[in-house]
Amino acid sequence: MTELLTVILLGIVEGITEFLPVSSTGHLILATRLLGYDAGRWEVFNVVIQLGAILAIVVLYWRTFWAVGMGLLKREPKSWLFLRNLVVAFIPAAVIGLALHKYIEALLGNAEVVAIALIVGGFAILAVERFAPRSDISGVADIPLKTVIGIGFLQCLAMVPGVSRSGATILGALALGVERRTAAEFSFFLAIPTMLGASALELLKNRDAIASGGVGLGAIAIGAAVSFIVALLVVKWFVGIVTKHGFVPFAWYRVAAGSAALVWLLSK
């Protein structure tokens, strides 16, 4: 398989899975293992192409960001609460991510961990769907501070590949009383500072490797562009699905995919 085809394939996987509660990083790790790629060589690529998917959120929700920006200039309380909630929820991942960065990197090549996390996460989604309290919080600015802090710490669970950042934040929000659409959108918005930080850190740490034999910036740019286009299509579909049908279909997908991956990995 040519490198260009590999770049496009991984970009498609990223675009489809970044905002679904199925773990984009986990799927990229499994794809790398399944197709026989050098996991170390593609590690930075897998993280940084997430910027393309993040840009899709900026494009899809530009009116929201514009309204918040204008509201901040006008000192509107709702806009400041929106910003406060994003900043507060981002802080735990930033602090813990930096503190445990070496341990997190060690897990990024472990496909078996991904498979187990997919299965466990699938059953966790089923439990949350069944036992979560009635959701009565709608609107990102209306999420109480203590709930925001809880979501921020739950996002840190996604440092284990296969858990899913969107899954941890969306299901955590549901469990803490946030209604479905708001939980999904808050997860989308929170992805922006989280993934910008992760991508910047990877590029900074691996700039020499990229320049001397790793996956180059051109390939990263193509992968990010592909993930951007695919994510544009997936996000609207996803919001419609969870609003009408909830997260159960994604839970069973996780269990099936994780089980199949684990059987395949153990049989090798």
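1. Start with a charged pair. Arg181 and Glu185 form a salt bridge, with their closest N and O atoms 3.3 Å apart. The term salt bridge means a side-chain nitrogen of Lys or Arg within 4 Å of a carboxyl oxygen of Asp or Glu. Both residues sit in helix H11, and because they are four residues apart there, about one helical turn separates them. Helices here are DSSP runs (H or I, at least four residues), numbered from the N terminus.

2. A word on the model. It is predicted, so local features need pLDDT of at least 70 and side-chain atom pairs count only at pLDDT 80 or more, while totals for chains, interfaces and linings use all residues. Residues are numbered from 1 along each chain as its sequence is written, and side-chain values use heavy atoms, with hydrogens and water left out.

3. Glu185 is buried, at 16%. The cut-offs are these: buried is under 20% relative accessible area, exposed is over 50%, and partly exposed lies in between (1.4 Å probe, protein chains only).

4. How many salt bridges does the rule give? The count comes to three. Side chains of opposite charge can pair when their charged atoms come close.

5. Take Asp142 and Lys78. The closest N and O atoms of this salt bridge are 2.5 Å apart. The pair links distant parts of the chain, 64 residues apart: Asp142 lies in the loop between H8 and H9, and Lys78 in helix H6. Asp142 is partly exposed, with a relative accessible area of 39%. Lys78 is partly exposed too, at 49%.

6. Now Glu129 and Arg180. Their side chains meet in a salt bridge of 3.0 Å, N to O. This pair also joins distant parts of the chain, with Glu129 in helix H8 and Arg180 in helix H11, 51 residues apart. Arg180 is partly exposed, with a relative accessible area of 27%.

7. The largest nonpolar core has 47 residues. Such a core is a set of buried Ala, Val, Leu, Ile, Met, Phe, Trp, Tyr and Cys residues joined through side-chain atoms within 4.5 Å. Among the residues with the most contacts inside this core are Phe19, Ile57 and Phe238. Several helices each supply at least two of its residues, including H4, H6 (77-99), H11 (180-205) and H13 (217-245). A second, separate core has 12 residues, including Val13, Tyr37, Phe45 and Ile220.

8. Not counting residues up to four places away in sequence, Phe19 touches Ile57, Phe188 and Phe238, among others. Contact means heavy atoms within 4.5 Å.

9. Gln50 is worth a check. Gln50 lies in helix H4 (residues 50-60). Gln50 is buried, with a relative accessible area of 2%. Its side chain makes a polar contact with the side chain of Thr25, at 3.4 Å. A polar contact is a pair of N or O atoms within 3.5 Å; within protein, one must be able to donate a hydrogen and the other to accept it, and residues adjacent in sequence count only if both atoms are side-chain atoms. Leaving aside neighbours within four places in sequence, Gln50 is in contact with Glu14, Glu18, Ser24, Thr25 and Met195.

10. Finish with Thr17. Thr17 is in helix H1 (residues 3-17). Thr17 is buried, at 5% relative accessible area. Beyond four places in sequence, Thr17 touches Val22, Ser23, Ser24 and His27. The C-alpha atoms of Thr17 and Ser227 are separated by 9.5 Å, though the two residues are 210 residues apart along the chain.
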